[in-house]
Amino acid sequence: MLPRWDGATVVVEPPDVTTGSWAGAPSAVLVDGSFYLAYRLRLPIGEGRGYVNVIARSDDGLRFEPIAEVRREEFDADSLERPALLRAPDGRWRLYVSVATPHSKHWRVVLLEADTPEKLPLAAPRTVLPGDETVGVKDPVIVSAAGRWHLWASVHPLESDEHADRMTTEYATSPDGVEWSWHGTALAGRPGTWDARGVRFSSVLVDHDRVTALYDGRATAEENWEEVTGVAHGRLGDDGLFTPFTADQRPPTRSPFAPGGLRYVSVVPLPGVGTRVFYEGTRADGAHELRTELLVAR
């Protein structure tokens, strides 16, 4: 499930060719034979930050046509981060949008719901993960399995600006994907390792009681925005709750271009074929591009 970089296809170019200009933070699903991809476009701080979430469609997973977008002004936001796109069991579409509260380090998650992806920007937004004065919440990964909704979100402490970049992945469940109950930390950084400063899930795959997560991590505050990707493993208990995850010991996956950012890997299983992965990676000029690879099953 880990990208190899070589042989990947660039799906979306960054909006500019400078450091801090990004196309990425993808969330991809395969529905009725079509790929649907939600992603974030971003400019450097002071020039726009995360200014739009785009939803696009493709027949082959390589060439995408934008079909909808939501912009930061619609949420009175300083920035938008990774969206989570999915089709619910009832057939309706959902977009969970990560919204930065102006003049603060706080984040919250807002839900849009509609009959089709094209109609999502017209939906009335409702905040489903508000955070509070002590934590910001963003970048959820959401799965419907074992009779309930499961969510892993990036949670940031807000006791000081100096530590607001720290992050753990916290786990919650819901009967409907709207009202959530928190159950604790799914994964935290490991002191002295490449993920010591913080961890953030980007994809979760459930196979009966076994659960595999791809996650972003960084060792220091200076590596913020240039996270690299690792693997963690957990299990689904008899009560439908997940135990804390254990990080894999293999080295993380990086871009070949300094400072090596390769993050937000979104995995789309292709039964009988393998998986298609979408991810954000640092390129030679320092900008980030949105890439995809087909990983053939062996």
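**Notes on strands, salt bridges and one surface patch**

1. Start with V277, whose bridge partner in β20 is E293. That contact belongs to the pairing of strand β19 (residues 274-282) with β20, which is antiparallel and runs over 9 bridges. Strands here are DSSP runs of E with at least two residues, helices are H or I runs of at least four, and both are numbered from the N terminus. Two strands are called paired if DSSP finds at least two bridges between them.

2. Before you go further: this is a predicted model, with pLDDT of at least 70 required for local features and 80 or more for side-chain atom pairs, while totals for chains, interfaces and linings use all residues. Numbering starts from 1 along each chain as its sequence is written, and side-chain values use heavy atoms, with hydrogens and water left out.

3. What lies between β19 and β20? The two strands form a hairpin with 5 residues between them. Have a look at G286 in the turn, as its phi is positive, about 95°.

4. Strand β20 (residues 288-296) also pairs with strand β1 (residues 9-12), antiparallel again, through 3 bridges. On that side, T9 has T292 of β20 as its bridge partner. β20 is mostly covered, with 7 of its 9 residues buried. Buried means under 20% relative accessible area, exposed means over 50%, and partly exposed is in between (1.4 Å probe, protein chains only).

5. Together with V273 and L294, V296 makes a nonpolar surface patch of about 230 Å² accessible area. Patch members need over 30% relative accessible area and no salt bridge; nonpolar side chains (Val, Leu, Ile, Met, Phe, Trp, Tyr) are joined within 5 Å and like charges within 9 Å. The areas are Shrake-Rupley values with a 1.4 Å probe, and for residues only the protein chains shown count as cover.

6. There is also an open sheet of 4 strands, in the order β14-β15-β16-β17, with antiparallel pairing. Its edges are β14 (198-207) and β17 (246-247), each pairing on one side only. Inside the sheet, β15 (residues 210-218) and β16 (residues 228-235) are joined by 8 bridges, and Y215 has G230 in β16 as its bridge partner.

7. Now the charges. How many salt bridges does the structure hold? It holds 28, counting a side-chain nitrogen of Lys or Arg within 4 Å of a carboxyl oxygen of Asp or Glu. One of them joins E113 and R92, with the closest N and O atoms 3.4 Å apart. This pair links distant parts of the chain, 21 residues apart: E113 sits in strand β8 (residues 107-114), and R92 in the loop between β6 (84-87) and β7 (93-100). E113 is buried at 17% relative accessible area, whereas R92 is partly exposed at 28%.

8. Two other pairs to check by eye. R190 and D195 meet at 3.0 Å, N to O, in a salt bridge, and D195 is buried with a relative accessible area of 0%. D248 and R250 form a salt bridge at 3.1 Å, N to O; D248 is buried at 17%, while R250 is partly exposed at 42%.

9. Finally, salt bridges that share partners build one network from R40, E81, K138, D139, D165, R197, R200, D216, R218, E227, R263 and E280.
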